[in-house]
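Please keep the sequence and the structure in view while you read.

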Amino acid sequence: MVTPLSSNCNWTILSCLQIDDGGDYQNCTEHGTTVPAHEEKQKGSPKNSSRLAYTVTDIPPWYLCIFLGIQHYLTALGGLVAIPLILSRSLCLQHDALTQSHLISTMFFVSGICTLLQVIFGVRLPILQGGTFAFLTPTLAMLSLPSWKCPAWTQNSSLVDPSSPEFIEVWQTRIRELQGAIMVASCFQIFVGFSGLIGFLMRFIGPLTIAPTITLVALPLFNSAGEDAGTHWGIAAATIFFIVLFSQYLKNVPVPLPSYQKNKGCTFSKIYLFQIFPVLLGLSLSWILCLILTVTDVFPLDENAYGYNARTDSKGDVLVKAPWFRFPYPGQWGVPTISLAGVFGIIAGVISSMVESVGDYYACARLSGAPPPPKHAINRGIGVEGIGCLLAGAWGTGNGTTSYSENVGALGITRVGSRMVIVAGACVMLLTGMFGKVAAIFASIPTPIIGGMFLVMFGIITAVGVSNLQFTDMNSSRNLFIFGFSVFAGMTIPFWVERNTEVLETGITQLDQVIQVLLTTGMFVGGFLGFLLDNTIPGSKEERGLLAWKEGHKEENDEPSNRSDIYDLPFGIGSKFCAASWFQYLPMCPKQSSGNCGKAQNNIAQENSNKSNPGDAEMNIDTKI
């Protein structure tokens, strides 16, 4: 049973998410009464905001912020955990679960920082930041270079001593190389965002560029998913079954959960639990199944036997060795190193991530009851994501940062679009990043469970890429050729280059590495071919899908009267610099009309006139986040 969190609170967290008979969430007020969400339509908000319990600028009760913040954290958990686990194989860490847990906790911590920066200073929408799969393909291509391939002895668990200086140097030299490439490539994203260049690039990037690029983010990862799932196909199949069951078949089935209401006592609230946590529930049930089969010794005890990796104790005593508290810090793996090959490869991932994030901004605005983001907000969002990648490189996550589409979808499920909820979720990520035991739990997940999760996750990413073709005319032989050729070439060329690297040697080591990394990154090959062919082969804008694409991602007029002030800079930064004529011309700053400037100047004059009464003057200071 859920009890009230305080004597002044008449509704518990679960009852705040109660669904009324019409299918709408009921909103909690400070006085304990409920108001159906459909009666709370605000002026000037989009139509769908009438179904929101809280819009982007609303501040829910603190306990609801914490609960929904944890929910967003759990929604992103699959991606946050999956990326370090995929990287661990190429970093020679597949037999060092403790270091894997350190990577996971660093990913949690940095994602929390980047989310706070994005919500407060970036695009200012309720959008979560985390690791990006777009960086995985070029990263794996870079680490597959002959100079960075893992020594054979690191593949044998009996020969690996995680505490030996030799082994530590093996994996730390690789992650330092990766850190340097990410930090340099992030400078490109910072420049593109804060200079406003993203708007210029979007003129030439359409669905036929995006579709093969995102599709080829996931397709090359089939090998990793197959190897992990193949350690025990029965457990992998069970994991897939549970995730599909919860996310597809039971997603519209509400689960009655007990809650407490002061006037009515104990009641039951309907929560779409399966729709909110399908991956977490699927992993948990599979994990319990593995635990039962481990305790009963159904799985073999011989580490070389098939099925051993499904044991819950197969990854040693990582939970015992992991510290309770561990504070991630910049440079924890050493001083980053830089190579041109890595930088060019990661830049390809940066471009893909930027384009995907722009689409997420519009979707997030629509679901959170905000108007479409203006140019300055998009520029600022992309720039802050670049800063996030810079921080991720400095901390050593082995990855960058991007907006999470999964959490944008969660806004539509919870119907709570408040950015304060995401701030709470960011704080949860910061805290879990400092608790070493939390990351150790995820690092100890049996390998076949991870493989089953990968099969579902990578399949969805592939489908998301293909779904961009809905904007184009797929009855056109031109479009069929561009997409089909780009995807097939994006898989064929890297396959051939990996096996014939000597043919492309120029005698210049750095140039050879750049060529090899780019041509073994399927995402770059397919995206570049799609971009080139789509912009050179004749075709109408309607045929290319540009008209439908622009309509779906329509840019908001930059006139101040046509947009809300929710995208303005926080803490009154915009009004303080309103008098400076150059401020409004910066690509990342909101445009201020003369009327707004006059209003700000009147506010300043009023503050000066109220100096005799400090209490009144204090009320005029804009400190809103």
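Q: What percentage of the residues of the chain count as buried?
A: This is a predicted model, in which local features need pLDDT of at least 70 and side-chain atom pairs count only at pLDDT 80 or more, while totals for chains, interfaces and linings use all residues. Residues are numbered from 1 along each chain as its sequence is written, and side-chain values use heavy atoms, with hydrogens and water left out. A residue is called buried under 20% relative accessible area, exposed over 50% and partly exposed in between, using a 1.4 Å probe and protein chains only. Of the 625 residues of the chain, the share that counts as buried is 53%.

Q: What is the mean pLDDT of the chain?
A: The pLDDT is the predictor's confidence in each residue, on a scale from 0 to 100. In this chain 80% of the residues reach 70 or more, and the mean is 79. Over residues 555-563, however, the pLDDT is below 50, although this stretch has 21 contacts in the model beyond near neighbours in sequence (contact means heavy atoms within 4.5 Å).

Q: How many helices and strands does the chain have?
A: Helices (H or I, at least four residues) and strands (E, at least two) are DSSP runs, numbered from the N terminus. Counted in this way, the chain has 27 helices and 6 strands.

Q: Why is helix H3 described as largely enclosed by the rest of the structure?
A: Helix H3 covers residues 77-90, and Cys92, which follows H3, has a positive phi near 70°. The helix is largely enclosed because, of its 14 residues, the number that are buried is 13.

Q: Which side chain of opposite charge is nearest to Asp96?
A: Asp96 is found in the loop between helix H3 and helix H4 (97-120), where its side chain makes a polar contact of 2.5 Å with that of Thr99. A polar contact is a pair of N or O atoms within 3.5 Å; within protein, one must be able to donate a hydrogen and the other to accept it, and residues adjacent in sequence count only if both atoms are side-chain atoms. For charges, Lys and Arg count as positive and Asp and Glu as negative, with His and the chain ends not counted, and a salt bridge needs a side-chain nitrogen of Lys or Arg within 4 Å of a carboxyl oxygen of Asp or Glu. Asp96 is buried yet has no salt bridge, and at 7.3 Å the nearest side chain of opposite charge is Lys321.

Q: Why is the pair of Phe109 and Trp395 called tilted?
A: Rings of Phe, Tyr and Trp (its six-membered ring) pair if their centres lie within 6.5 Å, and planes under 30 degrees apart count as stacked, over 60 as edge-to-face and the rest as tilted. The structure holds 16 aromatic pairs. In this one the ring centres are 6.2 Å apart, and the pair is tilted because its planes lie at 40°.

Q: Which two helices does this pair link?
A: Phe109 counts as buried at 6% relative accessibility, and Trp395 is buried with a relative accessible area of 13%. The two residues are 286 residues apart, so that distant parts of the chain are linked by their pair, namely helix H4 and helix H15.

Q: Which residues does Thr139 touch, not counting residues up to four places away in sequence?
A: Thr139 has its place in helix H5 (residues 136-143) and is buried, with a relative accessible area of 0%. With those neighbours in sequence left out, Thr139 touches Leu87, Leu178 and Ile346.
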